[in-house]
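Okay, thanks for coming, everyone. Let me put the structure up and then walk you through a few spots.

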Amino acid sequence: MGVVFDAIGGSVHRGGLAALGNHGELVFYGGTSGDLVGLPPQMVFPFVIGCKAVRGFGLIGYYSNGQGILERTIKGLFDSRLSGVIAHVATTIYPVDLVSEAHRSLENRASKVKLILDMGP
């Protein structure tokens, strides 16, 4: 479901949340049941009275919509790297005996590249 409008709260609210699909919205504008979505009223009322909203977004939900977005994104990244569109970032390699110098480079933000500590054979 895309949008659920809830003026009741309680079990209606929980059912509405369960019915929402990815990118769905639950508009809560009242709690006639007396159960304000399991939250203390002092947390809910400022949102309802002020017409404010909290919206969630997660990449997992975005990429798991069954439309192959994740697969196309990863393929595009790999293809871009293989074709040279995305270049390899230069790397500085420090031998293990220069670990303090490598650390100073990180601390001072002197290096704009990746640092590798070579532990030797």
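**A walk through the model**

Let's start with D79, which is partly exposed, with a relative accessible area of 35%. For the terms: buried is under 20% relative accessible area, exposed is over 50%, and partly exposed is in between, using a 1.4 Å probe and protein chains only. Quick housekeeping: this is a predicted model, where local features need pLDDT of at least 70, side-chain atom pairs count only at pLDDT 80 or more, and totals for chains, interfaces and linings use all residues. Residues are numbered from 1 along each chain as its sequence is written, and side-chain values use heavy atoms, with hydrogens and water left out.

So, what does D79 form a salt bridge with? That's K75, and the closest N and O atoms are 2.6 Å apart. By salt bridge I mean a side-chain nitrogen of Lys or Arg within 4 Å of a carboxyl oxygen of Asp or Glu. Searching the whole structure turns up 1 salt bridge. D79 and K75 sit 4 residues apart in helix α4 (residues 69-83), so about one helical turn separates them. K75 itself is exposed, at 52% relative accessible area. Helices here are DSSP runs of H or I with at least four residues, strands are E runs of at least two, and both are numbered from the N terminus.

Now over to S105, in helix α5 (residues 99-107). Is S105 buried or exposed? Buried, with a relative accessible area of 9%. Leaving aside residues up to four places away in sequence, S105 touches Y94, A110, S111 and L115, where contact means heavy atoms within 4.5 Å.
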